[in-house]
Amino acid sequence: MTTTTISRPVCILGLGLIGGSLLRDLTAAGHPVYGFQRSPSAARVATEEGFDVQSDLAAVLQRAENDGALIVLATPMPAIASLLDALGEYAPTCGFTDVVSVKGEVYALVCERGMADRYVGGHPMAGTADSGWSASQRGLFCGAAWVITFDHAYEGEPSESWIRLWEDVVHIARLVGAEVIPSRVDNHDAAVARISHLPHILAETLAIIGDNGGALALSLAAGSFRDGTRVAGSTPSLVRAMCETNHAALLTAVDEAITLLVDARANLAAAKPSVEELVDAGYRSRIRYEARSGSRAQAKGVSHRPVIRFQPGSKGWVNQLIQAEDLGARIEVF
């Protein structure tokens, strides 16, 4: 029998789109949760809406330490190092997770500080082009993939307390309606470079090219331009943080894209201009994605992802996580 029971209070640091939406969902589910928001005015707005929020980081972390809370780092990547230092000072025994879109850099910072036995990485694949507390919403994570890392277990024998922490992070994701996909940090970063970070690069490029066409081009722009440039409306600092931090994996994806575009250009410049090769290959790839994403199943509220069920800490459980990672499968624990 699967469960979504979290064994400890949750403390969320950073209440933008992801952190704020998580606070809303956990509050609605009746689980003890409180948060930190750096801006006093934004914290006041959240408090006036009935949420337990403070703008004093030290006070929030000391409370989390006293509660034995699970801390969620929900700030942009540039703030993670200073937050880890604050955890070390004010909440030295609390387990923590994060929602940053790049996992390798976070894990490196965690390991540098000797905090790997208190950390489980996370990344909910959900969001909009908007940011801040005002963009947060109920139900943002429903049906979304939520990556949870397991490098610490893969690299050695994890403690019982780390396994319980890992379970609680899984339960957080499940409680807010997400589907948990396990992955190691390097594999995660390679994957999101292709399906999240490269789309940002291409969207920015397409937005610039459309804008360079002047008033007529923008007046004629319709669905394909709107959809293709949607994420170019994201806050530039957030896009820079994710793409620059994941630069090595993103370079591989960019190089592949450039090769395809160079080939397309050569075919367009030929005596008989053609984009047949690119269009046919792209069409087949899109069909495979649609088959994989199971749009019909999703419309009926049924998951399209295969599922692997297991008990954390049991014999061979890490191998089951690797199998789920290879399949892109969701996991359920009991």
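For the charge count I took Lys and Arg as positive and Asp and Glu as negative, leaving out His and the chain ends, and I placed each charge at NZ of Lys, CZ of Arg, CG of Asp or CD of Glu. On that basis the chain has 28 positive and 37 negative side chains, with the centres of the two sets 7 Å apart.

I note that this is a predicted model, in which local features need pLDDT of at least 70 and side-chain atom pairs count only at pLDDT 80 or more, while totals for chains, interfaces and linings use all residues. Residues are numbered from 1 along each chain as its sequence is written, and side-chain values use heavy atoms, without hydrogens or water.

Next I looked up the overall form: the C-alpha trace spans about 75 × 50 × 40 Å along its principal axes. I then checked the contacts (heavy atoms within 4.5 Å), and found that among those with a separation of 6 or more, 68% join residues 24 or more positions apart.

I also looked up burial, meaning under 20% relative accessible area with a 1.4 Å probe, protein chains only, and 44% of the 334 residues count as buried.

Last came the nonpolar cores, sets of buried Ala, Val, Leu, Ile, Met, Phe, Trp, Tyr and Cys residues joined through side-chain atoms within 4.5 Å. The largest has 48 residues, of which Ile12, Leu22, Trp146, Ile148, Trp166 and Trp317 touch the most other members. A second, separate core of 29 residues includes Tyr34, Ile71, Leu87 and Val185.

Note on methods. Buried < 20%, exposed > 50% of the residue type's maximum accessible area, 1.4 Å probe, protein only.
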